[in-house]
Amino acid sequence: MEGDINEGSVPPYYREVYEAICNKKDERVQIAVFQRLLSSTDLPNTVQSQIAEYVDHKDGFLSKLSLYKALALIALAQQGKQPSPKLLENYIQEFPKPQLGELKDLQALRMQPAQESPLVVRQTLAQLLERDAVQVELIPEKKGLFLKHVEYQITSQRFKISVYRRYSDFDVFHELMLQRFAYRMVPALPPKRMLKGVLTSTSEREFIEGRRRALRRFINLVARHPFFSEDELVKTFLTFSGSDVQNKLREAFKRAGDEFMTCKIATQAKEYLPADIQAQFASSRELIRNILNSFHKLRDRAEKMAERSKENAMDLLMFGRELSAVGSDTSPVPALALANSSWGTLRQSLKGLSVEFALLADKAAQQGRREEDDVVEKLNLFLDMLQSYKDLCERHEKGVLHEHQRALQKYSVMKRQMMSATVQPKEQVSVEQLESRIVQQENAILTMELRNYFSLFCLHQETQLIFTYLPITSHILGALVNSQIQGHREMGEVWNDLHPKLSCLFGGNNGIPSPLLSPQKGDGKTAVAFSPS
């Protein structure tokens, strides 16, 4: 569209403005400088957005002719005209001079320090994790065998306060967050109830504990999100101690509305997006989809490891109990075995071994809990975030894009109706009504286009957040390694304490060669050597 304007068709003032604000190194105008120039005109935000949309830019810069085009649109808009490319095409006079103030003031726009792009998320993982740590504890109320209802004590480290919430409070909060931040990653809530037909006292306790963990992950992801943590909705949920938190949350949402209405740069989002945003989005989405699939598998394996540790604990406990049962047998030893057997003495010794095996079982159970709390939960936290990104991508495609396409189709139908009305005489009232509807639809389409760009803007930021969280992989691996080291060390200490007792049991005159462990010939390795008498 730069062909509509050439240097010969513009007033000298345009060249003076260009000289005042251009970058002397490459003779282009930074988009940030142009945005400051546009903001200084005091034109309505919607008009500024239209002008910015019509002006070509590349890699964060405007060319000289692009700036001239923008200056012409600003001048015409200041005269009360609706800015559009067609307005420039049909303009045959010399373009008017925009009201921009003194040239020295314009030079100051270029001298202002370059501001970082609002598109970039610069927080590190450590900074995000330090924003808050929220604990969620059960406060159950029982009615007979089953729990009547569950209340949660929510304690925010940041706000240093504890409040009490029901699941229904989480539900309302979650729904309002989706309305307030439709273009961002809002994690899903766990289900409210178990499937019918599987309810037992044990399964209900496990379900409620799993739901508590999931709610804790949800509220921590929300409390640490850089665009959620300062929002009134989040602060209300974490701090309001009154009786009707749900109404308080709804009031907070009514005051704010959705993010598009409150974000200062929402209508200029397109200006900050890279030219290849769609390609970047597609490649990032595919990569994150693969990461999601891999982390699902990692989580499943970690769960099996934790389950095996718990099963090992139960096996060790039962092994010790069986030894104790053998040792507790008071049946007399037959006379024919008394001469060559020490079974009576050995049997008494076996009874005492159940203590060591119970301790081993306890260590194995602790290992399972560490694997569950330190490894599986961290994997689940990141999986919840990855899944919320997947949900966001689907919302973007099925929501904003779909609504935009429907609006364009509706607009096309209206235009055809208008053409038909001009060809075939109709009542003036119906034609005017149709014109009014077309104008309304044009405004709706413009709003949808702005929302679409803002949705992409937010999606780009949320993608950055995913990559910011990826180093949590090292936290997970560190937790796995540390849990294994601690578990094996503690188990090893108990086994080592048990070893001397076994030496007392099997050493001496009990009919089994000593030492119990003897080296096999040839390979120098130690193996169990049971020799027949």
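Predicted model: local features only at pLDDT ≥ 70, side-chain atom pairs only at ≥ 80, totals over all residues.
## Packing of helix 3 and helix 4

Two packed helices are described by the angle between their axes and the distance between the axes. For helix 3 (residues 45-54) and helix 4 (residues 64-78), the axes come within 10 Å and cross at roughly 155°. Helix 3 is therefore roughly antiparallel to helix 4, since angles over 145 degrees are classed in this way. The crossing of the two helices is right-handed.

On the helix 3 side, the contact is formed by Val47, Ile51 and Tyr54. Their partners in helix 4 are Lys69, Ala70, Leu73, Ile74 and Ala77. By class, this contact comprises seven nonpolar residues, one charged residue and no polar residues.

## Nonpolar cores

The largest nonpolar core holds 35 residues, of which Tyr14, Ile21, Val29, Phe34, Leu37, Ile51 and Leu106 touch the most other members. At least two residues of this core come from each of helix 1 (12-21), helix 2 (31-39), helix 3, helix 4 and helix 6 (103-111). Helix 4 provides the largest share, 10 residues.

Beyond residues up to four places away in sequence, Leu106 touches Tyr13, Val17, Ala20, Ile21, Leu37 and Leu100. Another core, of 31 residues, lies apart from the largest one and includes Val136, Tyr167, Met177 and Ala252.

## The loop residue Gly60

Gly60 lies in the loop between helix 3 and strand 2 (61-62). Because its relative accessibility is 30%, Gly60 counts as partly exposed.

Leaving aside neighbours within four places in sequence, Gly60 is in contact with Val29, Gln30 and Ile31. Gly60 and Glu271 are 211 residues apart in sequence, while their C-alpha atoms are 8.3 Å apart in space.

Note on methods
Residues numbered from 1 in each chain as written. Heavy atoms only, no water. Axes fitted to C-alpha atoms, helices over the stretch in contact; angles between N-to-C directions. Helix = DSSP H or I, 4+ residues; strand = E, 2+ residues; numbered from the N terminus. Parallel < 35°, antiparallel > 145°, perpendicular 65-115°, else oblique. Left-handed = near helix turned anticlockwise from the far one by under 90°. Contact = heavy atoms within 4.5 Å. Nonpolar A, V, L, I, M, F, W, Y, C, P; charged D, E, K, R; others polar. Buried < 20%, exposed > 50% of the residue type's maximum accessible area, 1.4 Å probe, protein only. Core = buried A, V, L, I, M, F, W, Y, C linked by side-chain atoms within 4.5 Å.
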